[in-house]
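Let's take a walk through this model together, starting with its pockets and ending with its aromatic rings. Keep the structure open beside you as you read.

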Amino acid sequence: MLEKAPHAVTVAADAARSDRSVERDVVYVYEAPVRLWHWINAAAILVLVLTGYFIGSGIPTMPGEASDNFLFGYIRFAHFSAGYVLTVGFLLRIYWAFVGNPHAKQIFYVPLWRKSWWAEVFHEIRWYAFLEAKPKKYVGHNPLAQFAMFFMFTLTIAFMIVTGFALYAQGAGNDSWQFKLFGWVFAIWPNSQDVHTWHHMGLWVIVIFTLVHIYAGIREDIMSRQSIISSMISGEREFRD
């Protein structure tokens, strides 16, 4: 009798776990390439923001001879390296928007022509403003998040890549592939300092977006009873009662 007791407990525990898994309202949303890109992209942006701030604002004076210090060179190298990582990841992300599931496409377009979509955007605005008692449940991004992702993230990242490589081309030279692909930027802003200024302004757009993005993710995880942060780790969106 004693030998059978552990087995009985194990079977009961397995049955309980099985029942809970059946009861869980879970949808697989974010595929592995999307999740991998998200975290690599986040790391690249963190490096770009920190190094970009010092490139635009300068660093404290270093002691000793200038030839003995290469701090700014290291900062620029980290910035350029992270820029390449961001660019390659962005191009692969565009590719996955075509071959991935429907949710992989959301950050690259917004259905501005749909009246029903706008109604849901305004509902989300009221929800975030604490004017709605209950949230709506969405498998992917909610319409307001989709709007913010497209206009504050996707377009800004594209702008930062273009202007960043244009500025890099000035050091690489007019014969470089960077200048051949992005030199046209100086036809819009002939003054290089203007490109620097717009590029630096884009940095603050990304910073503001990141802060709002993190806040909204934590808030929705708690208040809307649906997994947001963990979804970008497991890929699953869980709807809780």
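**Pockets and rings**

Helix 5 is the biggest contributor to the lining of the second largest pocket, giving nine residues. Please keep in mind as you look around that this is a predicted model. Helix 2, helix 3 (71–99) and helix 8 join helix 5 in each supplying at least two residues of that lining. The second largest pocket has a volume of about 720 Å³. It is lined by 27 residues, and H79, F80, G164, L167 and H199 are the closest to its centre. Sorted by class, the lining of the second largest pocket holds 15 nonpolar, 11 polar and one charged residue.

Now turn to the largest pocket, with a volume of about 1100 Å³. Which helix supplies the largest share of its lining? That is helix 8, with 12 residues. Helix 2 (32–57), helix 4 (115–128), helix 5 and helix 8 (192–223) each provide at least two lining residues here. The lining of the largest pocket counts 42 residues, and those nearest the centre are H38, M149, F209, H213 and I214. By class, this lining is made up of 27 nonpolar, 10 polar and five charged residues.

Next come the aromatic rings. A pair of such rings is described by how far apart the centres are and by the angle between the planes. The count for this model comes to 19 aromatic pairs. Take Y53 and F54: their ring centres are 5.6 Å apart and their planes stand at 75°, so this pair is edge-to-face, the label for angles over 60 degrees. Are these two residues buried, partly exposed or exposed? Y53 is partly exposed, at a relative accessible area of 37%, and F54 is also partly exposed, at 34%.

The rings of F165 and W177 make another pair, with centres 5.7 Å apart and planes at 45°, so this one is tilted. The pair links distant parts of the chain, as F165 belongs to helix 5 (residues 143–172) and W177 to helix 6 (residues 177–182), 12 residues apart. F165 is buried because its relative accessible area of 7% falls under 20%, whereas W177 is partly exposed at 45%. Both residues are part of one aromatic cluster formed by F80, Y84, F165, Y168, W177 and F182.

Finally, look for two arginines placed over ring faces. R93 lies over the face of W37, at 5.1 Å from the ring centre, and R219 lies over the face of W127, at 5.0 Å from the ring centre.

Technical notes. Residues numbered from 1 in each chain as written. Predicted model: local features only at pLDDT ≥ 70, side-chain atom pairs only at ≥ 80, totals over all residues. Heavy atoms only, no water. Phe/Tyr/Trp six-rings, centres within 6.5 Å; stacked < 30°, edge-to-face > 60°. Buried < 20%, exposed > 50% of the residue type's maximum accessible area, 1.4 Å probe, protein only. Helix = DSSP H or I, 4+ residues; strand = E, 2+ residues; numbered from the N terminus. Lys NZ or Arg CZ within 6 Å of the ring centre and 35° of its normal. 1 Å grid on protein atoms, 1.4 Å probe; cavity = no way out; pocket = protein on both sides within 12 Å on 5 of 7 lines; lining within 4 Å. Points joined across faces, edges and corners; volume = space filled by probe spheres on them. Nonpolar A, V, L, I, M, F, W, Y, C, P; charged D, E, K, R; others polar.
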